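Dear colleague,

I am handing over the structure below, and my notes on what was found in it follow directly after. Please read them with the coordinates open beside you.

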Amino acid sequence: MLFSTAVWIKIGLSALISFLIALATTPIVKMFAEQVGAIDVPSEARRVHDHPIPRMGGLAIFFGFIIGVILFADITNQVKGILIGSIIIVVMGAIDDIMNLPPLVKLAVQIVAAAVAIYYGIVIHVVTNPTFLSAYAMFNTGKLAIPLTILWIVGCTNAVNLIDGLDGLACGVSVISSLTMLAVALMVAEGNVAIILSALVGGCLGFLPYNLNPAKLFMGDTGSQLLGYVLATVSVMGMFKYYAIVTFVVPVLALAIPLSDTAFAFIRRLMKGQSPFHADRGHFHHRLLDMGLSQKQAVAILYSISAIIGLAAVVLASNWGILRVILAILAFAIALSLWIFVLRWNHDQNPSSREKDPDKEDSNE
């Protein structure tokens with residue numbers, strides 16, 4: 001057994017306490033959001049709900065997470081950085097949920113939160129050689145360490161925010177990503193990281209019953225940016241230091257869905273001559289809905305893909321030496337993704353096959 005009984009108890013209790021706190025505070029947060037006017041009104045074409053729904057539900061996740069960490073984790077300098085940065089992100093997210101801050105203001109605050117984490121020792125010093133063909137398994141980042149860390153933290157923070165477009169999607173994918181990194185943390189005996197991730201999982205699961213379709217409460221930027229920030233910073237805490245070949249690869253795979261969606265969104269917008277921060281209806285979940293899937297079906301597909309890639313990440317970090325399994329899992333994930341986009345391509349190329357249903361279109365806007 002890699003950990004003592006006391007550490008296993010802390011891992012379990014951090015998840016349980018965080019879950020109970022988030023579950024208990026979510027109705028209170030919902031009432032608070034309604035009182036302060038943190039309401040998501042479906043006034044844009046990219047919205048998929050048809051009536052106003054309170055947001056700012058991420059406060060409940062935050063309460064569960066931070067109490068779980070404070071009670072059971074070892075509060076090292078790095079953990080202090082994560083907690084302080086999380087508070088900054090949550091405050092900014094709550095204000096944004098009420099009054100819609102400009103993108104550049106949010107970006108500036110995200111950079112400040114990333115700088116706080118860096119100040120407390122959350123820095124990417126090495127990255128894995130992605131080609132696996134060189135004699136060097138990883139590279140030192142050197143002078144690029146700080147800008148690369150800022151890019152990673154800010155990128156992940158926005159990535160989870162951008163996939164928060166369907167009921168339960170961002171929260172569920174974050175749970176899967178957290179469990180993926182939690183499994184690897186257990187394998188490499190990073191108990192403190194495991195406790196932090198278990199607290200995040202508990203907080204998300206406590207909020208999720210209110211967020212699944214049909215959602216009673218949205219997590220808002222308060223929750224989505226918090227999840228992205230915590231996942232990004234925890235992944236840099238050195239949990240893979242004993243596995244040089246998977247350093248930085250595992251968190252990339254764990255966050256593959258939000259990261260790839262964000263990358264495609266930025267490229268798509270730049271190719272159209274738009275700002276990369278310009279909101280549109282071209283995300284993965286929008287494409288699935290345009291194929292005729294329901295919200296529940298689209299979320300289930302994205303959950304499945306995220307879980308498959310997460311499993312591949314865990315296998316990659318293991319000592320099992322079964323490369324064929326890794327390749328098979330990755331191939332299946334790639335094949336499923338290609339299948340989705342091929343269907344979408346055929347859908348676009350045959351507009352006559354699309355039945356116009358004004359009522360249905362209005363309900364998705």
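**Packing of H4 and H5**

In this predicted model, helix H4 and helix H5 meet through Leu107, Gln110, Ile111, Ala114, Ala117 and Ile118 on the H4 side, and through Ile146, Thr149, Ile150, Ile153, Val154, Thr157 and Asn158 on the H5 side. In an α-helix there are 3.6 residues a turn, so residues three or four places apart point the same way. H4 covers residues 103–119 and H5 covers residues 145–162, and the two pack at an angle of about 125 degrees with their axes 9 Å apart. That angle makes H4 oblique to H5, and the crossing in which H4 passes H5 is right-handed.

**Helix H7**

Helix H7, which runs over residues 191–211 and has 21 residues, reaches 30 Å from its first C-alpha to its last, and this is close to the 30 Å expected at 1.5 Å a residue.

**Cysteines**

A disulfide is a covalent bond between the sulfur atoms of two cysteines, and the structure holds zero disulfides. Cys204 is in no disulfide, and the nearest cysteine sulfur to it, that of Cys171, is 4.2 Å away, whereas a disulfide would need the two sulfur atoms within 2.5 Å. Cys204 is buried, with a relative accessible area of 0%, and Cys156 is also buried, with a relative accessible area of 2%.

Note on methods
Residues numbered from 1 in each chain as written. Predicted model: local features only at pLDDT ≥ 70, side-chain atom pairs only at ≥ 80, totals over all residues. Heavy atoms only, no water. Helix = DSSP H or I, 4+ residues; strand = E, 2+ residues; numbered from the N terminus. Expected span 1.5 Å × (residues − 1). Buried < 20%, exposed > 50% of the residue type's maximum accessible area, 1.4 Å probe, protein only. Axes fitted to C-alpha atoms, helices over the stretch in contact; angles between N-to-C directions. Parallel < 35°, antiparallel > 145°, perpendicular 65-115°, else oblique. Left-handed = near helix turned anticlockwise from the far one by under 90°. Contact = heavy atoms within 4.5 Å.
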